[in-house]
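These are my notebook entries on one protein chain. I recorded what I looked up, item by item, beginning with the pairing of strands.

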Amino acid sequence: MKKTYIIYSIIIFIILAVPGLLVLVLPQREYSAIENRYLDKLPKINTSEIISGEFQEKVSDAFNDQFFIRDFMAGLSTSFKKSLGFKDIGGVYLAKDQYYIEKIEDSNISKDQLVQNLKYLSYFIEKQQADVYTMFVPSPGTILNNKLPAFAPFYNADTIYNTASTILGTDYITDLRKALSPGSNENGDFYFKTDHHWTLPGAYAAYQEYCTTTGLTAQPYNSFNPVKASSSFYGTLYSKAPVFTAKPDNIYAIQTSLAENAEVVYDGKKQTGIYNKEYLDQKDKYAYFFGGNYGRVDITTGSNADQKLLVLKDSFANSFVPFLLNDYSHITMIDARYYNSPLLDTALSENYNHILVLYEASNFANDKNLYKLIK
C-alpha cells in the first residue's frame, strides 16, 4: 500500500511540476494564434514589484499564458463543453451549420449612447453640402437568427433601425436587412462562419444597395474577378471558443487593375495596392483588406471618375470599399476610434461629393467616439 501511495504521489508531482518546469526552460511564446492575442511573458526580477505583490501577479499571468499546451487545452475545453450541450461559450453562440455568432443581448446595447450618436450624426448631416448616406450593417445574429440555438437571446435590431429613422429620417438610411437575407443569396454566404464580418458576397450585396441609393450603376459580381485569397481563415469568434471540428473560412477578394495599382496612404504611410498580403500568413487574415484599421486611409484610385467619397466607418467597410474604386477618383476612409483631427472640419473642407456612414449596427450604437462628428 505504501509503495502504491509513493508511485501515485510521484505521478501527481510529475503532472503538476513538469508543465511548470517547461515554462521555465522552453522559449517564451509571443503570441497565441487561437486566442488572437499577445501573451504575458515571465517578468524580470524587480524588488519594488515583489514588495507590492505586482511581480507575483505577473509571474502567475505568465505561467497561465506560457503553459506549453495552452492552445490545445483551450480547444479541448471548448470541445468538451460543446459535447455536454453548451451553446454559449465565451460570449459566442455555437450555432447551426458550424456558425459562430457573437452573443449580443438587448442589455449590451446602450440606448442612451445610440440616441446620442444619432444626434451627433444628425448635426453632422445638417452641416454638409455633400450627399450623405447611412448604412447600418445588420449583425450576423439578426440575419441568421434561424441558426441560433433554441431560445438563445439576441438583441432586437428593430430598436436601432426605428430609432435611427426617427432621428435621422428615412431618406438618410439604407436598410440592408432584406438585401442580406438568406433568400437573396446568389454568390455565396454573406457572413463568415468563424468571424463576425461579412464575406465578399455580403459586401457586394451592400454595394448593390449603395448603387441603387446613390444612382451609380452596379457592376456584375463576376466582373470584379473575385478570387480566393485564403482557405484557412479562423476568425475572432473562433478564437473565443475554439472547437477542434471547426472548419476554416475562405476569404475572397476582387482582383482588378485598380485594386492592384491604387495609391494608398495609411496615416501618412504610402503603398501601392489595397491589399496587404503579409496578413494571409497571420491569424488576422481579414486585415488583408487595407491592412486592418487606421485613423485615416486615402485612396487615389486611378479611375476616370470625377467624384470624391468620404467613408466614416468600422472594419466592415474594408471589404466593401474595393467595389467602389471605379466610381470615385479619391476615397477617404476614417475610423473615429483612431482619428484625432476635427472630423467635421475634414468633411467640410475637402470637397467630397458623397459621404457614407457605414457601421455594423451594434458597433454604431455603442461607439463612444462619435462625438468627433461635431468637432
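Entry 1. I began with strand β10 (residues 263-266), which is joined to strand β12 (residues 296-300) by four bridges, the two running antiparallel. I noted that the model is a predicted one. Within this pair, valine 264 has isoleucine 299 of β12 as its bridge partner. On its pairing with β14, β12 is again antiparallel, here over five bridges. There I found aspartate 298 bridged to threonine 332 of β14. I also checked how far β12 is covered: four of its five residues are buried.

Among the buried residues are Leu200, Tyr204, Tyr207, Tyr210 and Cys211. The buried residues of α8 pack against β6, β8 (226-233), β9 (249-254), β13 and β15. Just after the helix, glycine 215 takes a positive phi of about 90°.

**Entry 2. Nonpolar cores.** I listed the largest nonpolar core, which has 96 residues; Trp198, Tyr210, Phe290, Ile299, Phe320 and Ile331 have the most contacts inside it. Which element gives the most to this core? It is α8, with eight residues. I also recorded a second, separate core of nine residues, which includes Val92, Tyr100, Tyr238 and Ala246. Ile299, listed above for its contacts in the largest core, is the bridge partner of valine 264.

Entry 3. Is aspartate 335 buried or exposed? Its relative accessible area is 0%, under the 20% limit, so aspartate 335 counts as buried. I placed aspartate 335 in the loop between β14 (330-334) and α11 (343-349). Leaving aside neighbours within four places in sequence, aspartate 335 is in contact with Asn293, Tyr294, Gly295, Lys313 and Asp314.

Lysine 270 sits in strand β11. I found lysine 270 exposed, with a relative accessible area of 69%. Not counting residues up to four places away in sequence, lysine 270 touches Val264 and Val265. The C-alpha atoms of lysine 270 and valine 297 are separated by 9.7 Å, the two residues being 27 residues apart along the chain.

Entry 4. Most residues other than glycine have a negative phi, so I noted the following cases. Phenylalanine 151 has a positive phi of about 65° although it is not a glycine. I located phenylalanine 151 in the loop between α6 (140-143) and α7 (157-168). At 86% relative accessibility, phenylalanine 151 counts as exposed.

Asparagine 225 likewise is not a glycine, yet has a positive phi, of about 50°. Asparagine 225 lies in the loop between α8 and β8. At 39% relative accessibility, asparagine 225 counts as partly exposed.

**Entry 5. Chain totals.** The protein chain has 12 helices and 15 strands. Of its 375 residues, 47% count as buried. Its accessible surface comes to about 18800 Å², and 52% of this belongs to carbon and sulfur atoms. Among contacts with a separation of 6 or more, 68% are between residues 24 or more positions apart.

Conventions. Residues numbered from 1 in each chain as written. Predicted model: local features only at pLDDT ≥ 70, side-chain atom pairs only at ≥ 80, totals over all residues. Heavy atoms only, no water. Buried < 20%, exposed > 50% of the residue type's maximum accessible area, 1.4 Å probe, protein only. Contact = heavy atoms within 4.5 Å. Areas by Shrake-Rupley, 256 points an atom, 1.4 Å probe, with all protein chains shown as cover. Pairing = 2+ DSSP bridges. Core = buried A, V, L, I, M, F, W, Y, C linked by side-chain atoms within 4.5 Å.
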